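Visitor: Hi, could you walk me through this model? I am new to reading structures, so please go step by step.

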Amino acid sequence: MPRHDPIPPDLERTALAWARYKALMSWMIAAAVIAVLLALLYLNLSGTMLGVHMVIATIAGVFFTVLLGTALMGLAYFSSHSGHDDAANTHEDEHDLR
């Protein structure tokens, strides 16, 4: 019979992991803004015509790509540090598959 996913027992550990994740994401927003500015500077210095659509596409593309990558990687670390992985790896009934 399928069982529900276990809830991590240590709520203080989970709260600390959420705080670290939120701090990481706030720094990554700043990094995304810097990446956007550097991309726009590079395009401007390369002599490319920067129309309004090109600027909007560059801003959206670079900003959301940096945020998506860091958010997904941060969630992997969050899962590890919050205890979700520990609770999911417990095997009450292991079967021998020889």
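Visitor: What does the secondary structure of the protein chain come to?
Guide: The protein chain has three helices and zero strands, where helices (H or I, at least four residues) and strands (E, at least two) are DSSP runs numbered from the N terminus. This is a predicted model, in which local features need pLDDT of at least 70 and side-chain atom pairs count only at pLDDT 80 or more, while totals for chains, interfaces and linings use all residues. Residues are numbered from 1 along each chain as its sequence is written, and side-chain values use heavy atoms, with hydrogens and water left out.

Visitor: How many residues does α1 have, and how far does it reach?
Guide: Helix α1 has 35 residues and reaches 51 Å from its first C-alpha to its last, close to the 51 Å expected at 1.5 Å a residue; the expected span is 1.5 Å times one less than the number of residues. Just after α1, G47 takes a positive phi of about 85 degrees.

Visitor: And which residues in α1 are buried?
Guide: Among them are T14, A17, Y21 and M25, with buried meaning under 20% relative accessible area, exposed over 50% and partly exposed in between (1.4 Å probe, protein chains only). The buried residues of α1 pack against α2.

Visitor: What about T58, is that one buried or exposed?
Guide: T58, which lies in helix α2 (residues 52-82), counts as buried because its relative accessibility is 13%. Leaving aside residues up to four places away in sequence, T58 touches A39, L40, L43 and F63, where a contact means heavy atoms within 4.5 Å.

Visitor: New topic: how many aromatic pairs does a search of the whole structure find?
Guide: The search finds two aromatic pairs, and rings of Phe, Tyr and Trp (its six-membered ring) pair if their centres lie within 6.5 Å, with planes under 30 degrees apart counted as stacked, over 60 as edge-to-face and the rest as tilted. The rings of W18 and Y21 have centres 5.9 Å apart and planes at 80 degrees, so this pair is edge-to-face.

Visitor: Where do W18 and Y21 lie?
Guide: Both W18 and Y21 lie in helix α1, three residues apart, which is about one turn of the helix. W18 counts as partly exposed because its relative accessibility is 37%, whereas Y21, at 13%, counts as buried.

Visitor: And what do F63 and F64 form?
Guide: F63 and F64 form an edge-to-face aromatic pair, at 5.3 Å centre to centre and with 80 degrees between the planes. F64 counts as exposed, because its relative accessibility is 54%.
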